[in-house]
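Subject: Structure handover

Hello,

Here is the structure we talked about. Please open it alongside this message. My notes follow below.

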Amino acid sequence: MITIKSGREIEIMRRGGKITARTLGMLIRAVRPGMTTGDLDRLAERSIREQGGEPTFKGYNGFPASICASINDVVVHGIPGDRVLREGDLLSIDIGTTFEGYVSDSAVTVPVGTVSSGAIRLIRVTQECLMLGIAQMQRGHRLSDIGHAVQQHAERHGYGVVRALVGHGIGQKMHEDPQVPNFGRAGDGVVLRPGLCLAIEPMISQGTFEVEMLEDGWTVVTADGKLSAHFEHTVALTQDGPRILTLRDILEHADVSHYRPKEEMAA
Ligand code: MG
Ligand code: MG
């Protein structure tokens, strides 16, 4: 069942989304070679709690941490721990906050130190996919218009769109109806209307869209071992169009514009 949120509920989600956004912004600035994914997890949990939120992921279906930390070929749901971040890694960080009974969910992919130009391109295109998907969240559009826009952009760049995992409705629960695939033809599914809140989250891979699950029951990797990136925002459709509830305080595109690939650094 799809729940339509009131203005009051969206305002609560916006306040919770700020906690998610600030925490993710802090983590982006903290990432550096030599630290562990467990270090990032501890920073995240402290930040969320200090701002009056609860880390949604911790204990969710038994997940042991406050963030997912997914390195290189890990698509999503990497468990933070002792793994040390190395120069050249591609790191996806996914976090969720529960605030006054409502959830916000957001993810980014960032380079650890300097990475290949191919990795930078994957980051840029995946972030563009997210923004193009969000731009389709308009009154009167259909649900599949979102995934269609994501798929078109990713495949134009020769990338694979992960199909086994999808975005979702969000509100009092992290995962509500409807599912929001990142692929498909335009013009299908429910008609979008104000009050709809979605977590839109393209997962884009350099190679195949096929994924596999590791033995821990969480970690999802690309089947061919190639890199994957993940960006996510919690978005409300308002009378004025889509409103990103997890927007960070620096311009979204400024987030990645300062990344410089190895080849350029050497030149
Ligand atoms: Mg997420
Ligand atoms: Mg999500």
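In what kind of crossing, left-handed or right-handed, does α3 pass α4? The crossing of α3 past α4 is right-handed. Please keep in mind that this is a predicted model.

**The helix pair**

Two packed helices are described by the angle between their axes and the distance between the axes. Here, α3 covers residues 117-135 and α4 covers residues 144-156. They pack at an angle of about 155°, and their axes are 8 Å apart. Angles over 145 degrees count as roughly antiparallel, so α3 and α4 are roughly antiparallel to each other.

Which residues make the contact? From α3 come Val125, Glu128, Cys129, Leu132 and Gly133. From α4 come Ile146, Ala149, Val150, His153 and Ala154. By class, the contact of α3 with α4 has seven nonpolar residues, two polar ones and one charged one.

Take a look at Val125 in helix α3. Its relative accessible area is 3%. Buried means under 20%, so Val125 is buried. Leaving aside residues up to four places away in sequence, Val125 touches His153, Ala154, His157 and Tyr159. Val125 and Ala154 are 29 residues apart along the chain, and their C-alpha atoms are separated by 6.8 Å.

**The two magnesium ions**

Start with the magnesium ion (ligand 1). Its protein donors are Asp94 (OD), Asp94 (OD), Asp105 (OD) and Glu232 (OE). In sequence, the donor residues are spaced D-x10-D-x126-E. Distant parts of the chain are linked here: Asp94 sits in strand β4 (residues 90-99), and Glu232 sits in the loop between β13 and β14, 138 residues apart. Asp94 and Glu232 are both buried.

Now the magnesium ion (ligand 2). Asp105 (OD), His168 (NE2), Glu201 (OE) and Glu232 (OE) coordinate this ion, at 2.1 to 2.3 Å. The spacing of its donor residues is D-x62-H-x32-E-x30-E. His168 lies in strand β7 (residues 167-169), and Glu232 lies in the loop between β13 (228-230) and β14 (233-238), so the pair ties together parts that are 64 residues apart in sequence. His168 is buried, and Glu232 is too.

Which residue bridges the magnesium ion (ligand 1) and the magnesium ion (ligand 2)? Asp105 does, and the ions lie 3.2 Å apart.

**Backbone points to check**

Most residues other than glycine have a negative phi, and most peptide bonds are trans.

- His77 has a positive phi of about 65° and is not a glycine. His77 is in the loop between β3 (74-76) and β4. With a relative accessible area of 25%, His77 is partly exposed.
- Glu100 also has a positive phi, of about 45°, and is not a glycine. Glu100 is in the loop between β4 and β5 (102-111). Its relative accessibility is 48%, so Glu100 counts as partly exposed.
- The peptide bond from Asp177 to Pro178 is cis, with omega near 0°. Pro178 is in strand β8 (residues 176-180).

Best wishes

Methods
Residues are numbered from 1 along each chain as its sequence is written. Chains are lettered from A and ligands numbered from 1 in the order in which they are written. This is a predicted model: local features need pLDDT of at least 70, side-chain atom pairs count only at pLDDT 80 or more; totals for chains, interfaces and linings use all residues. Side-chain values use heavy atoms; hydrogens and water are left out. Donors are N, O and S atoms within 2.8 Å of the metal (3.2 Å for Na, K and Ca); water is not among the atoms, so sites may look incomplete. Helices (H or I, at least four residues) and strands (E, at least two) are DSSP runs, numbered from the N terminus. Buried means under 20% relative accessible area, exposed over 50%, partly exposed in between (1.4 Å probe, protein chains only). Axes are lines fitted to C-alpha atoms, for helices over the stretch in contact, and angles run from 0 to 180 degrees between N-to-C directions. Angles under 35 degrees count as roughly parallel, over 145 as roughly antiparallel, 65 to 115 as roughly perpendicular and the rest as oblique. A crossing is left-handed if the near helix is turned anticlockwise from the far one by less than a right angle, and right-handed if clockwise. Contact means heavy atoms within 4.5 Å. Ala, Val, Leu, Ile, Met, Phe, Trp, Tyr, Cys and Pro count as nonpolar, Asp, Glu, Lys and Arg as charged, and the others, Gly among them, as polar.
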